[in-house]
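Dear colleague,

Please find below the structure that I am handing over to you, together with its sequence. My findings follow directly after it.

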Amino acid sequence: MRLSHHYVVPHVSTGDMLRAAVKQGTPLGRKAKVQIERGELLGDDLIMDMVAARLRESDVRARGFVLDGCPRTVQQAERLSSILNPVDLDLAIDIVVPTHQVLRRLAARRVCVDCGANYSISSPPLINWTCDVCGGEVIQREDDKEEAITRRLELYERQTAPLIDWYQARQQLESVSGTGAPDAVTRRIIKVIEERRDRKGGRWT
Ligand SMILES: [Zn+2]
């Protein structure tokens, strides 16, 4: 989100799109809800059909995009590459955080059920778990509960780790440390983007 603000491009978040679908109770949303609550990764086709539709919209075509939460499997990456063809991603960014920190961070996260604003145990809303932005209820998401988190991390290792190799082999990968404050992480990401852009003579592909 911070990154898309910096570059003034649309933030395409599979998590946000899915949560919106769940809240609206669309067929996709109903199917997704069950799987999200179990801590499972959603089917590649379900995710990528949704992403493909979003990437066809005019704002994305005009300005580019920051894609967040996707791809999570090599199959999704292959599909993404064919969706974007004849262009391709400029860069995939792997944000590296030690497992115990991921666990702690997710377990402390709280979100507004209405607008999706993020809080945590250490930075709660001002008044009694009521959203500062919209007044909605701030809760712990089912998929942020410890059992679901553990399952997500196991899936991550099994399914997402090969992605790193896939993007590395295509020289599209940069790794950035995800420890510290969100603004510090954003600065690191912007730095690797700018360095890469400079190496390419100020132009993307
Ligand atoms: Zn809210």
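Along the chain, the donors of the zinc ion follow the spacing C-x2-C-x15-C-x2-C. Please bear in mind that this is a predicted model.

The protein donors are the SG atoms of Cys112, Cys115, Cys131 and Cys134, which lie 2.2 to 2.4 Å from the zinc ion. The angles among the 4 donor atoms run from 102 to 118°, and the site is tetrahedral. For reference, the ideal angle for four tetrahedral donors is 109.5 degrees.

Two of these cysteines deserve a separate remark. Cys112 belongs to strand S4 (residues 109-112), whereas Cys131 sits in the loop between strand S5 (118-120) and strand S6 (138-139); the pair therefore ties together parts that are 19 residues apart in sequence. Cys112 is buried, its relative accessible area being 3%. Cys131 is likewise buried, with a value of 4%.

Helix H2 (residues 14-24) packs with helix H4 (residues 44-55) at an angle of about 100°, and their axes are 11 Å apart. H2 is therefore roughly perpendicular to H4, since angles of 65 to 115 degrees count as such. On the H2 side, the contact involves Thr14, Met17 and Leu18; these meet Leu46, Ile47, Met50, Val51 and Arg54 in H4. By residue class, the contact of H2 with H4 comprises 6 nonpolar residues, 1 polar and 1 charged.

With kind regards

Methods
Residues numbered from 1 in each chain as written. Predicted model: local features only at pLDDT ≥ 70, side-chain atom pairs only at ≥ 80, totals over all residues. Heavy atoms only, no water. Axes fitted to C-alpha atoms, helices over the stretch in contact; angles between N-to-C directions. Helix = DSSP H or I, 4+ residues; strand = E, 2+ residues; numbered from the N terminus. Parallel < 35°, antiparallel > 145°, perpendicular 65-115°, else oblique. Contact = heavy atoms within 4.5 Å. Nonpolar A, V, L, I, M, F, W, Y, C, P; charged D, E, K, R; others polar. Donors = N, O, S within 2.8 Å, 3.2 Å for Na, K, Ca; no water. Tetrahedral: all angles 85-135°; square planar, octahedral: opposite > 155°, others 65-115°. Buried < 20%, exposed > 50% of the residue type's maximum accessible area, 1.4 Å probe, protein only.
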